[in-house]
Amino acid sequence: MLKYCCSLILSLVIGSNLSAQSVTTKNEEAIKLADTQLNAYNARDIEGFLKPYSDSVKVYMFPDKLMYKGKDIMRKEYDDMFKSTPDLHCTLVNRITIGNKVIDRESVFFKKGVPPLDAVAIYTIEGGSITEVVFMQ
């Protein structure tokens, strides 16, 4: 009986560690994708910015207003903004990760003399790419 209990406890401990490692790996992947797009955004690097996104990414304004779908439309939206907004810069204020979600509070600076925009972006990660973004302002 003692041998059975020890085996059960050991398997539970190992199983919980593997589960925790799996969650940590998913969080790290999600954070890496969010960081990649943020760094490229600040560099106004359209190709680097788009790289973490799925081809069929959906972009919403909170709570559920679909703004557009697809990387091609995202390219047009952001490429135009990158070219026309030389002072553009986004500062990460706070970040929370929960499962396959990265929730970023951001301060977005568009133009000298204009206060930055306080915003929240919620990124959903599936299959190694960002599949959905929900913005709140």
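Along the sequence, the chain follows the pattern α-α-β-β-α-β-β-β-β. Its secondary structure comes to three helices and six strands, where helices (H or I, at least four residues) and strands (E, at least two) are DSSP runs numbered from the N terminus. The model is predicted, and local features need pLDDT of at least 70, side-chain atom pairs count only at pLDDT 80 or more, and totals for chains, interfaces and linings use all residues. Residues are numbered from 1 along each chain as its sequence is written, and side-chain values use heavy atoms, with hydrogens and water left out. Of the 137 residues in the chain, 32% are buried; buried means under 20% relative accessible area, exposed over 50%, and partly exposed in between (1.4 Å probe, protein chains only).

Helix 1 (2-43) contains Asp-35, which counts as partly exposed at 29% relative accessibility. The C-alpha atoms of Asp-35 and Phe-49 are separated by 9.8 Å, and the two residues are 14 residues apart along the chain. The loop between helix 1 and helix 2 (46-50) holds Arg-44. The phi of Arg-44 is near 55°, a positive value in a residue other than glycine. Most residues other than glycine have a negative phi, and most peptide bonds are trans. Arg-44 is partly exposed, with a relative accessible area of 27%.

Helix 3 (71-84) has 14 residues, which at 1.5 Å a residue should span 20 Å; the end C-alpha atoms are 20 Å apart, in agreement with this value. The expected span of a helix is here 1.5 Å times one less than its number of residues. The buried residues of helix 3 are Lys-71, Met-74, Tyr-78 and Phe-82. They cover an arc of only 55° around the axis, which puts them on the same side of helix 3; the arc is that of the directions from the helix axis to the C-beta atoms. An α-helix has 3.6 residues a turn, so residues three or four places apart point the same way. On the other side of helix 3, the exposed residues are Asp-72, Lys-76, Lys-83 and Ser-84.

Strand pairing was assigned where DSSP finds at least two bridges between two strands. Strand 1 and strand 2 run antiparallel and are joined by four bridges. Within this pair, Val-59 stands opposite Tyr-68, and Lys-58 stands opposite Lys-69. A hairpin of three residues links strand 1 to strand 2. The loop between these strands includes Pro-63, and a cis peptide bond with omega of about 5° joins Phe-62 and Pro-63. Strand 1 also pairs with strand 6 (residues 129-136), in the parallel sense and over five bridges; here Tyr-53 is opposite Ile-130 of strand 6.

Strand 3 (residues 89-98) pairs with strand 4 in the antiparallel sense over nine bridges, and the bridge partner of His-89 in strand 4 is Phe-109. The two strands form a hairpin with two residues between them, and Gly-99 in the turn has a positive phi of about 55°. Strand 4 also pairs with strand 5 in the antiparallel sense, over eight bridges, with Arg-105 opposite Val-120 of strand 5. Strand 4 has a covered face formed by Val-102, Asp-104, Glu-106 and Val-108, whereas Lys-101, Ile-103, Arg-105, Ser-107 and Phe-109 form the uncovered one.

The largest pocket has a volume of about 430 Å³. On a 1 Å grid over the protein atoms alone, a pocket is an open set of points where a 1.4 Å probe fits, with protein on both sides within 12 Å along at least five of seven lines, and lining residues have an atom within 4 Å of a point. Grid points are joined across faces, edges and corners, and a volume is the space filled by probe spheres set on the points. The lining comprises 21 residues, of which Tyr-41, Tyr-78, Met-81, Phe-135 and Gln-137 lie nearest the centre of the pocket. Two or more lining residues each come from helix 1, strand 1 (53-61), strand 2 (65-69), helix 3, strand 4 (101-109) and strand 5 (117-126). The lining residues divide into 17 nonpolar, two polar and two charged, with Ala, Val, Leu, Ile, Met, Phe, Trp, Tyr, Cys and Pro counted as nonpolar, Asp, Glu, Lys and Arg as charged, and the others, Gly among them, as polar.
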